[in-house]
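Trainee: Please pick one part of this model and take me through it closely. I would like to know where it sits, and then what else is worth a look.

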Amino acid sequence: MEKQLHLNLLPSRPPMAGGFQSGGSKMKMGPGRKRDFSPLLWSQYFETMEDVEVENENGKDIFRLYCSGANGPVLLLLHGGGHSALSWAVFTAVICSRIHCRVVAMDLRAHGDTKVKNPDDLSADTMAKDIGKVVEGLYGENPPPIMIIGHSMGGAVAVHTAAANHIPSLLGLCVIDVVEGTAMDALNSMQNFLRSRPKTFKSLENAIEWSVKSGQIRNIESARVSMGGQVKKCEESSSSPGVSNSIEGVLEEEEDEEAEEESNKKRMKEDDQEIKKESIFTWRVDLSKTEKYWEGWFRGLSVLFLTCPVPKLLLLAGVDRLDKDLTIGQMQGKFQMQVLPQCGHAVHEDAPEKVADALATFMVRHKFTEFKEGYLC
């Protein structure tokens with residue numbers, strides 16, 4: 001169980017046997033109640049959607065942003081690996097009801113609806129530079145006060161962005177459920193987890209249902225708006241998953257194996273044919289191909305986080321995530337930490353109200369903003 005908790009610091013928490021996971025009150029329904037897995041529109045949670053063009057060596061990159069709010073500091077939201085800005089949808093609606101702020105949630109390179117010339121480069125350095133360029137593209141040379149908030153991979157990118165001073169007007173830093181020690185320990189298991197996920201889905205509703213029943217996202221409302229940013233419609237169902245060639249290649253290599261392998265081959269072929277016949281949605285990002293960047297996202301992250309010269313907040317799904325450097329730093333009062341129990345890895349999706357409350361209290365305490373009139377904290 002402990003291993004499973006740490007498996008998935010890049011995408012979301014891995015599925016457990018039996019489908020549902022404990023701790024998700026929103027998932028418990030009475031007998032005979034059919035849950036609604038239909039997708040929800042981004043516009044129910046964000047006010048505007050816009051694309052920002054930035055110049056790069058290879059040409060122009062276009063980053064998709066979702067925004068809300070008219071005044072106050074900017075909350076720049078960075079999602080986790082394989083997710084998109086839409087993972088912040090429900091949180092955005094909640095935080096904007098709590099404090100005076102502006103929200104900018106962006107699709108990182110190769111994710112969501114962002115289009116870049118070199119989508120294969122997911123290095124921490126490149127993604128951190130992207131953040132700086134997007135901020136400059138939005139606000140010019142005099143950006144407003146910005147609080148950068150990142151989940152998992154996005155948390156690592158937020159730390160690298162802050163440490164490299166890509167945002168001159170940085171107010172503070174919030175990292176959600178990513179710690180160097182447990183992330184590094186989890187990397188060896190990541191490929192196995194990614195292989196365990198469905199490669200395709202019959203519909204977007206099917207993908208949403210899987211995300212909830214597997215425990216990847218425990219909040220059904222958030223799943224209904226955010227899964228559209230994780231999966232895409234296949235151009236052609238027969239070629240969409242890219243599974244066909246890989247499976248046939250495996251079969252050719254294993255022709256001389258024992259009889260048990262023969263039955264496995266037959267089953268794999270049948271599965272492949274079923275995929276070709278039915279599947280029309282697949283993952284937008286093939287996370288297995290990003291492996292060469294994983295270590296660069298997380299190695300040295302704790303020290304980098306501690307050296308960022310702004311107020312810092314660390315939100316965790318479990319206290320067991322702390323590594324040695326962070327434990328010492330927390331004892332020395334170098335950052336504020338809050339544990340939000342009964343959450344999966346996608347803390348901001350599972351418990352958007354709790355995350356919004358923690359962040360609002362942190363920002364008001366540091367006088368970054370004020371609570372909205374009528375809101376009782």
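Mentor: Ser152 has its place in the loop between strand S5 (146–151) and helix H4 (153–163); helices (H or I, at least four residues) and strands (E, at least two) are DSSP runs, numbered from the N terminus. The model is predicted, with pLDDT of at least 70 needed for local features and 80 or more for side-chain atom pairs, while totals for chains, interfaces and linings use all residues. Residues are numbered from 1 along each chain as its sequence is written, and side-chain values use heavy atoms, without hydrogens and water.

Although Ser152 is not a glycine, its phi is positive, at about 55°. Is Ser152 buried or exposed? Ser152 counts as buried because its relative accessibility is 0% (buried is under 20% relative accessible area, exposed over 50%, partly exposed in between, with a 1.4 Å probe and protein chains only).

Ala110 belongs to the loop between strand S4 (102–106) and helix H3 (124–139). With 23% relative accessibility, Ala110 counts as partly exposed.

The whole structure holds 1 cavity of 30 Å³ or more (points on a 1 Å grid over the protein atoms alone where a 1.4 Å probe fits but cannot get out; lining residues have an atom within 4 Å of a point). The volume of the largest cavity is about 50 Å³, meaning the space filled by probe spheres set on grid points joined across faces, edges and corners. Its lining includes Val159, Val175 and Glu180. Helix H11 (residues 301–307) gives the most to this lining, with 3 residues. By class, the lining of the largest cavity has 8 nonpolar, 1 polar and 1 charged residues (Ala, Val, Leu, Ile, Met, Phe, Trp, Tyr, Cys and Pro are nonpolar, Asp, Glu, Lys and Arg charged, and the others, Gly among them, polar).

The second largest pocket has a volume of about 250 Å³; a pocket is an open set of points with protein on both sides within 12 Å along at least five of seven lines. Of the 13 residues that line it, Asn56, Glu57, Arg109, Asp121 and Thr126 lie nearest its centre. The lining of the second largest pocket has no nonpolar residues, 4 polar and 9 charged.
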